[in-house]
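Dear colleague,

I am handing over the structure that follows, and my notes on it come after. Please read them with the coordinates open beside you.

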Amino acid sequence: MAAANAPIAMKEVLTLPSIGISPQFITFTNVTMESEKYICVRETAPQNSVVIIDMNMPMQPLRRPITADSALMNPNSRILALKG
């Protein structure tokens, strides 16, 4: 199938290591992306934290000292859902 006929266009906007995310945390169990607005990354070392990446300001990730099994941002507002 030619790229012009593809149903989805993909473009790399950023790489998570470029904003300080360790490659060991870039896994399906640690990264969630609910929509095109937010990416959440759970980090477990050196301390437990959740990194929230607002795709409107991707070079300003927000780190919070939170312990959770999973984290997910609401796509419509700045509400973080945690599973503990």
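In which sense do strand 5 and strand 6 pair, and over how many bridges? Strand 5 and strand 6 pair in the antiparallel sense, over four bridges, where pairing requires that DSSP finds at least two bridges between the strands, and where strands are DSSP runs of E with at least two residues, numbered from the N terminus.

Before going further, some conventions: this is a predicted model, in which local features need pLDDT of at least 70 and side-chain atom pairs count only at pLDDT 80 or more, while totals for chains, interfaces and linings use all residues. Residues are numbered from 1 along each chain as its sequence is written, and side-chain values use heavy atoms, with hydrogens and water left out.

To return to the hairpin, six residues join strand 5 to strand 6, and Met73 has Leu80 of strand 6 as its bridge partner.

Glu43 is buried, at 9% relative accessible area, while Arg63 is partly exposed at 36%.

In the other, the closest N and O atoms of Asp54 and Arg78 are 3.7 Å apart, and the pair links strand 3, which holds Asp54, to the loop between strand 5 and strand 6, which holds Arg78, 24 residues apart. Asp54 counts as buried at 12%, and Arg78 as exposed at 53%.

Finally, the largest nonpolar core has ten residues, among them Leu16, Ile21, Val41 and Val51, a core being a set of buried Ala, Val, Leu, Ile, Met, Phe, Trp, Tyr and Cys residues joined through side-chain atoms within 4.5 Å. Strand 2 and strand 3 are the elements that give two or more residues to this core. Apart from this core lies another, of six residues, including Tyr38 and Ala71.

Best regards

How values were computed:
Buried < 20%, exposed > 50% of the residue type's maximum accessible area, 1.4 Å probe, protein only. Salt bridge = Lys/Arg side-chain N within 4 Å of Asp/Glu carboxyl O.
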